[in-house]
Structure formats: C-alpha cells, structure tokens
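Trainee: Can we go through this one together? I'd like to start with terms and then move on to the helices.

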Amino acid sequence: MKKIKKKILRETIKELPQNPSLKVYKFNNSSSYYCSFYVGTKVMKSGNVEKSLRTKNVNDAIKKAKHIYNSWWKENNEKTIKTEKNFDKDIAQEFLRHRFNKYKGRHSTQPEREQLKYDNYLKKYFEDVDYTNIENVNNVINDIIENLKLDKKTDNTISKYISLISQMFKRGLNNGVITRLPDFPTFKVINQERPSYFNSELNMISKQLDEEYNSSKDKFYLETKDYINLIRSGGFRPGIEPLKIKRFQYRFINDKDNPTEPILLFTLFGTKTKPKHQLTCHPYFTKHIFIPEILKRNENTKSNDYLLFPTYKDRQSLYRKISSVFTRISKKLELYYRNGSTRPIYAIRHTFAKNRYNQNASLEVVARQMNTSTKMLHRNYLDNDDKMLLEEHKRLFPDWNLKEKKGKF
C-alpha cells in the first residue's frame with residue numbers, strides 16, 4: 001500500500017494573532033489537532049516548536065495551544081542562548097598554548113601577560129558569541145573598546161587589548177577555524193568617541209533617499225528609508241536583527257486611554273541576549289510611516305515573508321549594501337563626521353537611547369526596550385555631549401530651573 005505523505009490541511013489552520021506565530025492545525029493523516037510556533041533556529045534546528053494537542057475539538061485545541069505557548073516562553077525566555085561555537089575552546093586557548101610554546105625558554109613574561117589580559121577581561125565578552133558571525137564580533141569589539149575607555153585605560157593599553165584579539169583571530173584564520181577576519185579598528189579610530197545623530201539629520205538622510213528613488217525608480221532606496229525609520233523608532237539593534245523580522249512578528253495592542261492610537265508591538269526571536277524580546281515603537285512612526293508606507297509597500301506578501309526587502313535572500317549582503325548606502329549619503333550631506341569622529345549606521349542606536357532619556361524615560365525602561373542592561377546603556381549609548389549634560393544638569397537642580405529662582409545652595 002502506498003504511504004500517504006503527511007501534510008497540513010490548510011482549511012484547518014487557525015492563527016492566533018495575540019500569540020505571535022502560534023497556530024493550530026490538523027494533518028491529513030490525523031484527526032487530532034497540532035500546534036506550532038516559531039522560536040528561532042538558535043533554539044530549535046527547524047526554528048519551530050510543534051506539539052500534538054490530543055484533541056479533535058478546535059476550541060479545546062486553541063486553549064491547549066495557548067497554554068503550551070505561554071508555558072514554553074515562561075520556562076525559556078530568560079535562558080541565555082548557547083551557541084555551538086566556543087571562542088574560548090576553539091580560538092583563545094589554542095592561541096595561548098601556541099604563545100607559551102613559542103616563548104618557551106626565552107625568559108619572557110609576554111605569554112603570561114596575554115593570558116591575564118584574556119582571563120581577567122576579554123574572556124567574558126566572548127562567552128556565547130558565535131565567532132563566525134562577523135557582525136556580532138564587531139559589536140563585541142566596539143563594546144570592549146568603550147568599556148576600556150570607561151575603565152580609564154590609556155590609548156596604548158587599549159591598542160594592546162585589541163592587538164591581542166586580532167592575533168587570536170588571525171591564528172584562527174590560519175588554522176581554518178574561521179574564513180574571514182572581523183573589522184579591527186585602527187589606533188586613530190580607537191581614540192574616537194562615537195556621537196549620535198540628531199533627528200533633523202536623520203530626516204535629511206530620509207529625504208535624500210526619497211530623491212534618489214525619484215531619480216532612479218529603484219525601490220531599494222525606499223526600503224532603506226524604511227529600515228532607518230524602523231531602527232530609530234524603537235530599541236532595535238542595527239544590523240541583521242531588524243532585517244530578519246517577518247510579517248507575523250508584529251501586531252497592534254490597544255490603549256483604553258487612547259483607543260484611536262494603536263500601539264505597534266514587535267516580537268523578536270533569537271536576539272543577542274535571549275530567545276524572545278518584545279518592544280514597542282514610537283507612535284509617530286506607527287501612524288505616519290509604518291501603517292501608510294511600510295505595510296503598503298509590499299501588500300502581496302505573506303505572513304512568513306520578511307517585513308523589509310522581502311525579495312532579498314542574502315540578508316548579510318543586504319545589510320552591507322544598506323550600510324554602504326547610508327554612509328555614502330551621510331558623507332554627501334556632510335553629516336558622517338562629527339567632532340572628529342565617524343557616525344556609521346549603528347550610531348542610530350545611540351540616537352534612540354539619548355532621545356528617550358531626554359524625554360525623561362527611566363534608564364530601566366529604556367534598557368529593557370533596547371534589550372540591554374542599564375550599566376551597558378549608560379556606558380555605551382548615552383554620549384556626554386553638551387546637550388546631554390545640560391539635560392542632566394536640569395534634572396540635578398530642578399528648583400533652579402523655575403522662572404523665579406527659589407533654589408538655595
């Protein structure tokens with residue numbers, strides 16, 4: 001007898017929008033319902049959790065599916081994502097053994113000093129990092145540089161730390177562990193502060209993207225504008241993460257106090273720090289950009305298609321192209337360099353942090369939205385420029401900011 005191929009019966013599918021990606025359905029060879037929901041390929045090989053609900057009643061199936069969904073995320077959401085790639089084992093320890101063997105018998109303390117730099121400072125940054133993901137490694141390197149500065153290390157000392165990381169990766173490349181080196185900053189770049197963009201400057205870049213679309217009719221420029229507006233609207237981490245968002249990962253929630261203004265909520269899977277992260281977006285973006293422009297830009301796409309650039313398959317090369325266009329336009333508008341430093345697309349994350357902080361949002365709320373800690377938020381994203389210091393001064397001495405100065409020393 002010919003074996004019947006197992007497949008989902010489309011007419012039985014019930015999607016549950018209040019629980020992102022959750023759906024119930026039947027297979028053609030089963031009378032009972034099943035459920036599945038997306039958790040990311042870093043957690044499950046297929047990217048989905050699938051469970052048999054052991055019921056033929058659709059309402060009972062929906063109830064059970066919601067319970068399974070909520071229980072799974074409650075148990076797993078706070079767990080740190082583990083990666084099969086182990087920087088310490090695959091790259092660092094092999095490099096350090098090589099260095100001890102190289103300097104054996106030379107009466108040099110160089111290997112011991114390198115071991116201390118790694119064990120006491122660098123090791124913690126590379127835990128659970130996929131060292132083959134160049135974007136993630138570049139972000140780690142930037143975090144190390146910023147934190148070494150805050151620890152008041154000299155420029156020369158910081159360069160030695162970065163040199164040590166560079167040597168480790170170069171040996172990894174020579175050993176065939178990796179196929180490409182990260183972008184190691186020069187001594188000049190290490191000494192630079194990375195300022196954020198002003199909203200008016202990002203508006204100029206958006207306007208220029210509109211003009212380039214009008215002259216070329218290349219839709220890429222409009223979708224690049226969508227990407228920029230998305231990452232400035234919420235606590236997104238610029239890079240591949242926003243480009244991996246699919247259409248089923250957003251929904252609207254209602255505010256009883258303001259029922260005419262829906263709140264846009266995104267659910268991100270497999271983020272840098274945990275399996276699932278939820279964040280909301282600026283109301284202006286939701287009302288004036290997301291609903292009338294982004295949603296209508298690709299109306300014929302399906303729920304499992306990418307929200308932005310749905311026709312591009314290689315998201316890594318897509319991000320490099322977006323970043324390159326952003327840098328070109330920023331330079332063209334004479335915005336890329338500020339205070340002797342550069343402002344790549346990642347600086348938009350600094351802009352979001354500063355804007356929300358200046359609007360009196362607490363550090364805890366901003367950090368949660370940005371999927372980071374308050375310590376890292378203050379260290380890496382809140383620039384100490386004059387505007388920031390002025391806002392902190394006003395909060396520090398609120399009684400002196402009144403028209404009638406009533407504050408006392």
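Mentor: A term first: a residue is called buried under 20% relative accessible area, exposed over 50%, and partly exposed in between. Keep in mind that this is a predicted model.

Trainee: What is the mean pLDDT of the protein?
Mentor: The mean pLDDT is 85, and 87% of the residues reach 70 or more.

Trainee: Which elements have the lowest and the highest mean pLDDT?
Mentor: Helix H6 (residues 187-190) has the lowest, at 62, and helix H8 (residues 220-233) has the highest, at 96.

Trainee: How many helices and strands are there?
Mentor: The secondary structure comes to 15 helices and nine strands. Of the 409 residues in the protein, 45% are buried.

Trainee: And what about contacts across the sequence? Which share joins residues at least 24 apart?
Mentor: Counting contacts between residues at least 6 apart in sequence, 60% join residues at least 24 apart.

Trainee: On to helix H7. Which of its residues are buried?
Mentor: In H7, the buried residues are Glu201, Leu202, Ile205, Ser206, Gln208, Leu209 and Glu212. They are on the same side of H7, because they cover an arc of only 160° around the axis.

Trainee: What does the face turned away from that buried side carry?
Mentor: That face of H7 carries the exposed residues Lys207 and Ser215.

Trainee: And what covers the buried residues of H7?
Mentor: The cover includes H8, helix H11 (315-332) and helix H12 (347-358).

Trainee: How does the span of H7 compare with what it should be?
Mentor: H7 runs over residues 199-216, and at 1.5 Å a residue its 18 residues should span 26 Å. The end C-alpha atoms are 26 Å apart, so the two agree. Just after H7, Lys217 takes a positive phi of about 60°.

Trainee: Now H1. Which residues are buried there?
Mentor: Ala61, Ile62, Ala65, Tyr69, Trp72, Trp73 and Asn76 are buried in H1. Seen down the axis, the buried residues of H1 fall within an arc of 100°, so they line one face of the helix.

Trainee: What do they pack against?
Mentor: The buried residues of H1 pack against strands E2 (23-26), E3 (33-38), E4 (48-52), E6 and E7 (276-280). On the other side of H1, Asn59, Lys63, His67, Lys74 and Glu75 are exposed.

Trainee: What about the span of H1?
Mentor: H1 covers residues 58-76, and its 19 residues should span 27 Å at 1.5 Å a residue. Its end C-alpha atoms are 27 Å apart, which agrees.

Trainee: How many aromatic pairs does the count come to?
Mentor: The count comes to 31 aromatic pairs. One of them is Tyr250 with Phe266, a tilted pair at 6.4 Å centre to centre with 55° between the planes. Tyr250 lies in strand E5 (residues 250-253) and Phe266 in strand E6 (residues 263-269), so the pair ties together parts that are 16 residues apart in sequence.

Trainee: Are Tyr250 and Phe266 buried or exposed?
Mentor: Both Tyr250 and Phe266 are buried. Another pair, Tyr336 with Tyr337, is edge-to-face, at 5.1 Å centre to centre and 85° between the planes. There, Tyr336 is buried at 11% relative accessible area, whereas Tyr337 counts as exposed at 53%.

Trainee: Which lysines lie over the face of a tyrosine?
Mentor: Lys6 lies over the face of Tyr34, at 5.6 Å from the ring centre. Lys117 lies over the face of Tyr161, at 5.8 Å from the ring centre.

Trainee: Last topic, Ile245. Where is Ile245 found?
Mentor: Ile245 is in the loop between helix H9 (240-243) and E5. Ile245 counts as buried because its relative accessible area is 1%.

Trainee: What is Ile245 in contact with, leaving aside neighbours within four places in sequence?
Mentor: Ile245 is in contact with Leu230, Phe236, Phe266, Leu268, Tyr306 and Leu307. Also, Ile245 and Asn304 are 59 residues apart in sequence and 9.4 Å apart in space, C-alpha to C-alpha.

Key
Residues numbered from 1 in each chain as written. Predicted model: local features only at pLDDT ≥ 70, side-chain atom pairs only at ≥ 80, totals over all residues. Heavy atoms only, no water. Phe/Tyr/Trp six-rings, centres within 6.5 Å; stacked < 30°, edge-to-face > 60°. Helix = DSSP H or I, 4+ residues; strand = E, 2+ residues; numbered from the N terminus. Buried < 20%, exposed > 50% of the residue type's maximum accessible area, 1.4 Å probe, protein only. Lys NZ or Arg CZ within 6 Å of the ring centre and 35° of its normal. Contact = heavy atoms within 4.5 Å. pLDDT = per-residue confidence, 0-100. Expected span 1.5 Å × (residues − 1). Arc of directions from axis to C-beta.
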